[in-house]
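Hi everyone, thanks for coming. Today I'd like to walk you through the aromatic rings in this structure, so let's bring it up.

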Amino acid sequence: SYTTDTKSREENKKTLENLYSLSVDITKIRRLKDWVLLQDVAYVKEIAGILQEMGADETTVANIIERCPEAILHTPAEINSQRALWQLVCQNEKQLIKLIEQFPESFFTTEYQQNQKANILFFQELGLKNHIITRFLTSAPTIFYNPVEKNKDVIETLQKSYLNLGGSEANMKIWILKLLSQNPFILLNTSSAIQENLEFLQKNDFTDQEVLQLLSKLKGFIFQLNSTTMQKSMLFSKNIFKCSDQELKQLVLKCPALLYYSVPVLEERLEGLLKEGISIAQIRETPMVLELTTQIIQYRIKKLSALGYDIKSGNLESLNGTKKDFEVTYGKIQSKKERPIFNPVAPLHIED
């Protein structure tokens, strides 16, 4: 709705004056979104006033406008509506202003207010806690742009699928809420795509129980895939590990990344491991190492080698897991290496 043709147009002097008076770094705006300064109408003082009312100091106001210059092109009415909307899930205005400072673009996208409100109320009815909904508003704002009917449709499809796969009615709500909080972007899929992916797994002889297990392990990311890429990834793994269909299925259950990552990604990671002297047999034994990037693998091998730990002769379990998991493993190996050879608590026999 704003004019972005910047040729032969001059910056709005009044806008510049108002921004200067708020100590906003205009060079940042020129670099980021210079077209904002060319608009005939801007609500600099009004938007700054609303932010100050919420408890923002001068530095915070300047910071918000520098990061999201188009904030000043919204009318005060639009921003007050957005404020009321976010207050449905924020504890107080202090928390709200903190969120606006961290995620200004999410807050100043006001075109979908009706959908946003309907979706917030729907998520609350579903049982999602307000702090999770605020996390969605800031890190996955696009799911609120959908009409609420679309999000309801996806949730209903997931609920039906869960029950059809043998999940219990009693656990369904917990399962759905966990899936959503881990990966809200599943709501951007269509119901038919979800159905197709589940059918693909069933056609590949995964039992209902195994499909449920995969859904939980993959945190819903499986719904962002398609049967073609999954088929290619499985075929690639089958050829690399020279295994039967049944063995491949067990590998996928052990390491869903074999299903989730595309062939180029798996190839690159495999190549990185082989370059470090790790064998295919070792990778097959601990396929979860393919969940880690080549850089992470190199860093971990380097750290373990410095302790004299030879990864080529051992298993790959010590490379696995999150950063925290690895640090625990590394700490154990380190303390084992540093342990004194004598018993420090044994009495010493010293002759008089």
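Let's start with Trp-175, which has 11% relative accessibility and therefore counts as buried (buried is under 20% relative accessible area, exposed over 50%, partly exposed in between, with a 1.4 Å probe and protein chains only). Please keep in mind that this is a predicted model, where local features need pLDDT of at least 70 and side-chain atom pairs count only at pLDDT 80 or more, while totals for chains, interfaces and linings use all residues. Residues are numbered from 1 along each chain as its sequence is written, and side-chain values use heavy atoms, leaving out hydrogens and water.

How many aromatic pairs does a search of the whole structure find? The search gives 9, where rings of Phe, Tyr and Trp (its six-membered ring) pair if their centres lie within 6.5 Å, and planes under 30 degrees apart count as stacked, over 60 as edge-to-face and the rest as tilted.

Trp-175 pairs with Tyr-162: the ring centres are 4.5 Å apart and the planes at 25°, so this pair is stacked. Tyr-162, at 7% relative accessibility, counts as buried.

Now look at Phe-122 and Phe-123. Their centres are 5.7 Å apart with planes at 40°, so that pair is tilted.

Finally, a charge over a ring: the charged end of Arg-269 sits over the ring of Tyr-261, 4.4 Å from its centre (the rule asks for NZ of Lys or CZ of Arg within 6 Å of the ring centre and within 35 degrees of the ring normal).
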